[in-house]
Amino acid sequence: MSTSLFPRLCMAGAFGFALAAMSLFASAQVSNQPAQVQPQARGSATAGTFAPVLDSEKRPITAGGFVKTGPIIFQDASEKSGLTTWHHTMGTSEKNYILESNGSGVALLDYDNDGWLDIYLVNGSTYDAMSGKAEPPHAALFHNNHDGTFTDIAAKAGVTNDRWGFGVAIGDYDNDGWPDIYVGNFGKNRLYHNNHDGTFTDVAEQAGVMLGNWTTGASFGDYDGDGRLDIFAPGYIHWDLNDPPGGRSASCTFRGVHVLCGPRGLPGEPDHLFHNNGDGTFTDVSEKAGVSDTKYRNYGFSSTFVDVNNDGKVDLVVSDDSTPNYLYLNKGNGTFEDASFFSGFALNADAREQANMGLAVGDYRNNGMVDLYTTTFSDDYKSLFRNDGDGNFSEITQTLGIAQITYPFLSWGSEFIDYDNDGWKDILVVSGHTFPIVDKHNWGTSYAERPLLFHNLSKGEKFELMPAVEGTGLADVIPARGAAFGDLLNDGKTDVIVNCMDHTPVLLRNVNADTNHWVELKLIGGPKSPRDAVGTTVYLTTGKMRQRGDVMSGGSYQSSNDQRPHFGLGQATSVDGVEVRWPSGAVEHISLPGVDRIFTIEEGKGIVPSVYDGIAAEHAASRNAHQAGN
């Protein structure tokens with residue numbers, strides 16, 4: 001294989017990157033059995049070794065490249081929000097083992113049904129805590145105080161986890177109208193049942209979904225159409241805490257420097273699909289359904305259920321670290337077809353496997369088909385897979401102009417969001433390296449890194465990197481891992497909450513100055529659909545623009561996003577129509593009486609009264625008072 005090196009790039013004046021053209025991998029060797037790679041293949045999949053990209057102050061571009069002026073899109077509201085009272089902890093500062101390096105996810109959920117999104121932050125652990133010598137780090141459940149601040153009530157709610165935590169998924173598995181929490185751990189997993197009184201009970205053992213080794217980014221989805229949410233739990237590495245497979249004492253290097261080992265060269269952990277029996281228990285149907293990954297044992301990270309081929313059945317998408325991704329197409333008979341390779345999603349455009357961490361799902365072209373975006377290791381680009389229909393994808397990142405700029409970044413959480421409500425989905429990515437030693441070398445990357453925001457231009461035919469303006473959220477240099485995306489203040493703007501490695505959380509508050517309109521939909525499924533409507537697809541039409549939104553669990557990086565479909569409307573002041581395709585198969589057409597608010601739609605009943613009516617009235621009164629004051 002051959003590569004060309006990045007030029008050294010200096011930043012001066014207006015923001016922009018002038019990267020030389022690259023020739024990437026005329027050929028690539030693909031392993032059909034990634035769990036059995038040879039010792040020389042240890043580590044993470046990358047595209048090669050590239051010269052450092054520096055800004056005008058000789059900083060790595062991952063921690064620099066800032067501009068003095070420009071659009072202010074996100075502000076760091078972490079401290080003002082009260083989130084910095086909590087701290088993530090995972091292993092040792094040296095990161096000698098991969099167990100310590102991957103970080104944890106974050107979820108958005110309205111646990112008390114008051115209409116405001118709360119935040120669940122997964123915590124890691126330490127070796128002393130695992131051996132009982134120290135108190136374990138606690139997960140956080142931050143209650144939304146409705147004023148931009150949050151209060152941690154995890155201890156009172158009974159959801160501190162107190163295990164070595166990684167992923168989190170949100171879903172109402174018992175259809176009682178209250179969201180439940182599934183936490184993927186190293187060790188036993190948690191299934192927190194919502195007790196409707198601000199507390200939860202861990203029922204994982206009696207439910208049969210506890211497992212016992214290393215689970216990452218799980219997701220809820222109704223794969224068999226029985227109206228009940230099932231659970232997919234991807235496995236990462238089979239880890240023995242008493243005899244850890246590989247460490248800095250082993251012959252593992254990155255750019256010639258000894259680092260922790262893995263994932264390549266380490267034993268993989270299989271995946272699990274749990275069927276919901278409807279009585280509070282689940283049955284492991286992984287082998288029967290064809291999604292167990294027991295043959296290759298790829299290193300699973302993030303997952304979600306979504307209908308990628310528009311046949312009315314949710315499919316299963318899994319991002320895998322340093323091994324081919326999985327795309328399982330739902331056959332409608334309780335089994336899946338492994339379409340990973342022939343769909344084009346398993347590998348990138350160079351037929352090369354990547355270290356896929358995060359998973360974003362969204363229709364960025366507004367053509368009714370969901371596209372996929374995966375985040376990867378440093379020295380590699382992050383990949384956008386265009387949906388070509390019938391379950392086929394083309395990786396076209398280079399042609400969209402968003403490949404080269406991402407090479408120095410090691411990225412995790414990501415999502416398609418319409419940050420400016422113009423009706424076109426953009427891409428936001430958060431990053432941070434796994435090796436603390438990168439800060440000691442001139443490799444053009446850094447342990448803490450800044451976010452990347454790509455603005456959708458020309459109706460999805462091109463994206464533009466938005467500038468990192470000093471003092472704003474896009475200039476935050478943080479050791480990011482999991483990220484969840486949603487409207488935390490019910491004001492129609494998508495915010496981002498980031499769970500950072502050995503760090504306090506970061507809240508990127510969307511303060512973009514656009515005057516575009518929007519709507520969001522809270523969906524409630526009927527008797528034959530999941531109550532929380534996971535698996536529902538919504539099409540919203542304004543003029544000639546028809547947008548798609550899906551209700552999903554999981555995704556991003558080991559995280560779970562706002563489950564209310566969000567639609568930016570541009571300057572449109574009305575919605576022409578809404579089509580809701582429920583998991584039951586029912587299709588309904590709804591007329592919205594207004595914009596700039598959240599509507600609750602219940603299957604078979606249309607728009608119904610909800611807590612959002614009062615929130616809309618309060619926001620309208622606030623706007624009127626502000627206008628009168630001006």
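Two strands are counted as paired if DSSP finds at least two bridges between them. Helices (H or I, at least four residues) and strands (E, at least two) are themselves DSSP runs, numbered from the N terminus.

Residues are numbered from 1 along each chain as its sequence is written. The model is a predicted one, in which local features need pLDDT of at least 70 and side-chain atom pairs count only at pLDDT 80 or more, while totals for chains, interfaces and linings use all residues, and side-chain values use heavy atoms, with hydrogens and water left out.

Both strands belong to an open sheet of four strands, which has the order β10-β11-β14-β15 and antiparallel pairing. The edges are formed by β10 (219–221) and β15 (282–284), each of which has a single partner strand, so one side of each is left without a neighbour in the sheet. From one strand to the next the twist averages 25 degrees, where axes are lines fitted to C-alpha atoms (for helices over the stretch in contact) and angles run from 0 to 180 degrees between N-to-C directions.

## Strand β18 and its two partners

Which way do the side chains of β18 point, and are they buried or exposed? Tyr-326, Tyr-328 and Asn-330 point one way from the strand, Leu-327 and Leu-329 point the other way, and all are buried, a word that here means under 20% relative accessible area, with exposed meaning over 50% and partly exposed in between (1.4 Å probe, protein chains only). In a regular strand the side chains alternate between the two faces of the sheet. Since five of the five residues of β18 (residues 326–330) are buried, the strand is largely enclosed by the rest of the structure.

On one hand, β18 is joined by three bridges to strand β17 (residues 315–321), and the two run antiparallel, with Leu-316 standing opposite Tyr-328. Four residues lie between the strands of this hairpin, in which Ser-322 takes a positive phi near 60 degrees. On the other hand, β18 pairs with strand β19 (residues 336–338), again in the antiparallel sense and over three bridges, and here Asn-330 stands opposite Phe-336. The hairpin of β18 and β19 has five residues between the strands, and Gly-332 takes a positive phi near 85 degrees in it.

## The hairpin of β32 and β33

Six bridges hold the antiparallel pairing of β32 and β33, in which Arg-548 of β33 is the bridge partner of Tyr-539. Two residues lie between these strands, and Gly-543 takes a positive phi near 60 degrees in the hairpin. Strand β33 (residues 545–550) is mostly covered, as five of its six residues are buried.

## Pro-530 and its surroundings

Pro-530 is placed in the loop between β31 (517–524) and β32 (537–542), and with a relative accessible area of 0% it is buried. Residues up to four places away in sequence not being counted, Pro-530 touches Asn-175, Asp-222, Gly-227, Leu-229, Gly-525 and Pro-583, where contact means heavy atoms within 4.5 Å. Pro-583 is 53 residues from Pro-530 in sequence, yet their C-alpha atoms are 7.4 Å apart in space.

## Helix α7

The 19 residues of helix α7 (residues 611–629) should span 27 Å at 1.5 Å a residue, and the end C-alpha atoms are 28 Å apart, which agrees; the expected span is 1.5 Å times one less than the number of residues. The buried residues of α7 are Tyr-612, Ile-615 and Ala-616. They cover an arc of only 100 degrees around the axis, which puts them on the same side of α7, the arc being that of the directions from the helix axis to the C-beta atoms.

What covers these buried residues includes β31 and β37 (597–602). The face turned away from the buried side carries the exposed residues Glu-618, Ala-625, Ala-628 and Gly-629.

## The disulfide

The structure holds one disulfide, which is defined as a pair of cysteine sulfur atoms within 2.5 Å. It joins Cys-252 to Cys-261, with an S to S distance of 1.8 Å, and both of these cysteines are buried. The torsion about the S-S bond of Cys-252 and Cys-261 is about 100 degrees, so the disulfide is right-handed.
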